Amino acid sequence: MSEYNRASVIRYYRKQRNMTQEELAEGICDTYTLSRYENGTLNPSEENYQKIMNKLEMSEETILFNLQTEDVNIAKVRNRLLRLFERGDYQGAENEIEKIISKNQLPLMYVENRQFLYRIRLVVENNSGKLDLVNYILSLEKLLKESFKDYDSEKFVNKYFYTENELLILNNIAVAYGEAEKYETACRIFSSVIQQMEKGSYMDGYKPYYLLMVNYANILGLHQQYDESIEMCRKGISWLWKWEKGNCLYNFIYNIGWNYIEKSKGFPEEEALRLRKIGLLYVWEAYELCELYPDRRENLERIKKYFEKNQIIHF
């Protein structure tokens, strides 16, 4: 675990518990030492770190998202950028990033802020053709290593915990390796991180886990691992029900339908027809859910076209 992560965890959860530095430090270290732990200038010993975690009632299997800023309106800044990015307005997102940097709304002296902003910038540049796939992967990995210093795509070993920024960067890296036809590397990252997340407790949100699972399911399906992809989708659906996020269900349901239809192509006619019927029912359900909770209209059109392409008359 890096100094950065320990500093962030201590600082964040002390504030979440409404504890002063004096209260947390009592019986463990002096207040000045705790202050140095929190700003990352001193790495706590294993003994002191465990004492601090115990006092905060935290385990090391913790995932957090955190930005560092003095701006009380940071939530508005963050959400405005994310809205532009997630609806595919890449030019708007790029302009927003420049505005955030120029106004120092997210000081870049903090790794949390750099990872949040630069991840989005790299994805935008790759999607708009400004950054080729090889350099996109290298840039993402360099950004990740600012806090995950032991990261190695070929000998991937999980950290004790991840920040939300790190999880989102890992998701982008794994997707990019899939696009680069490095299937084993992509699956190694996806499966390892998902397994680690399933061990942990979660501070905030569902999105990193959802993205990792849906993209892992995509890669499994594209490599004809249809049953494994369907199982991953079912696991994702259970996760979303837990978080009451019905607006994202259609992605997993569509993927299940897609897997059944693609799987059907390897069977004799009667069995192929049965599998295709099942798949079309899932695809149509996904269409109706997407129509109810449309996050992107182009997804609705894509689902409709796939259904029509594979539709069976009189089934």
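Let me start with a definition: buried means under 20% relative accessible area, exposed means over 50%, and partly exposed is what lies in between, with a 1.4 Å probe and protein chains only. Tryptophan 284, for example, counts as partly exposed because its relative accessibility is 37%.

Hello everyone, and thanks for coming. Before we go on, please keep in mind that this is a predicted model, where local features need pLDDT of at least 70, side-chain atom pairs count only at pLDDT 80 or more, and totals for chains, interfaces and linings use all residues. Residues are numbered from 1 along each chain as its sequence is written, and side-chain values use heavy atoms, with hydrogens and water left out.

Now the overall picture. The chain has 15 helices and 2 strands; these are DSSP runs, with helices being H or I of at least four residues and strands being E of at least two, numbered from the N terminus. Of the 315 residues in the chain, 51% are buried. If we take contacts, meaning heavy atoms within 4.5 Å, and keep those with a separation of 6 or more, 65% of them join residues 24 or more positions apart.

Let's go inside. A nonpolar core here is a set of buried Ala, Val, Leu, Ile, Met, Phe, Trp, Tyr and Cys residues joined through side-chain atoms within 4.5 Å. Which residues have the most contacts inside the largest core? They are Tyr151, Ile189 and Val193, in a core of 78 residues. Apart from that core lies another, of 17 residues, with Val9, Tyr13, Leu34 and Phe161 among them. Back to tyrosine 151: leaving aside residues up to four places away in sequence, its contacts are Glu141, Leu144, Lys145, Phe156, Leu170, Ile173, Tyr177 and Ile189. Tyr151 also belongs to one aromatic cluster, together with Phe148, Phe156 and Tyr162.

On to charges. The structure holds 15 salt bridges, each a side-chain nitrogen of Lys or Arg within 4 Å of a carboxyl oxygen of Asp or Glu. One of them joins arginine 11 and glutamate 112, with the closest N and O atoms 3.1 Å apart. This pair links distant parts of the chain: arginine 11 is in helix 1 (residues 3–16) and glutamate 112 in helix 7 (residues 111–127), 101 residues apart. Are these two buried or exposed? Both arginine 11 and glutamate 112 are buried.

Helix 7 also carries arginine 114, while glutamate 146 is in the loop between helix 8 (133–144) and helix 9 (164–179), 32 residues away. Glutamate 146 is partly exposed, at 28% relative accessible area.

Another bridge pairs glutamate 154 with arginine 188, at 3.8 Å between the closest N and O atoms. Glutamate 154 is in the loop between helix 8 and helix 9, and arginine 188 in helix 10 (residues 183–199), 34 residues apart. Glutamate 154 is partly exposed at 47%, and arginine 188 is partly exposed at 24%.

Now the rings. There are 13 aromatic pairs: rings of Phe, Tyr and Trp (its six-membered ring) pair if their centres lie within 6.5 Å, and planes under 30 degrees apart count as stacked, over 60 as edge-to-face and the rest as tilted. Tyrosine 209 and tryptophan 239 are edge-to-face, at 4.4 Å centre to centre and 85 degrees between the planes. They sit in helix 11 (residues 207–222) and helix 12 (residues 226–243) respectively. Tyrosine 209 is buried at 4%, and tryptophan 239 is buried at 10%.

Why is the pair of tryptophan 284 and phenylalanine 307 tilted? The ring centres are 5.1 Å apart and the planes are at 50 degrees, so the pair counts as tilted. Phenylalanine 307 is buried, at 10% relative accessible area.

One last stop, in the loops. Asparagine 18, between helix 1 and helix 2 (21–25), has a positive phi near 55 degrees in a residue other than glycine. Asparagine 18 is exposed, at 68%. Glutamine 224, in the loop between helix 11 and helix 12, has a positive phi of about 65 degrees, though it is not a glycine. Glutamine 224 is exposed as well, at 59%. Thanks, everyone!
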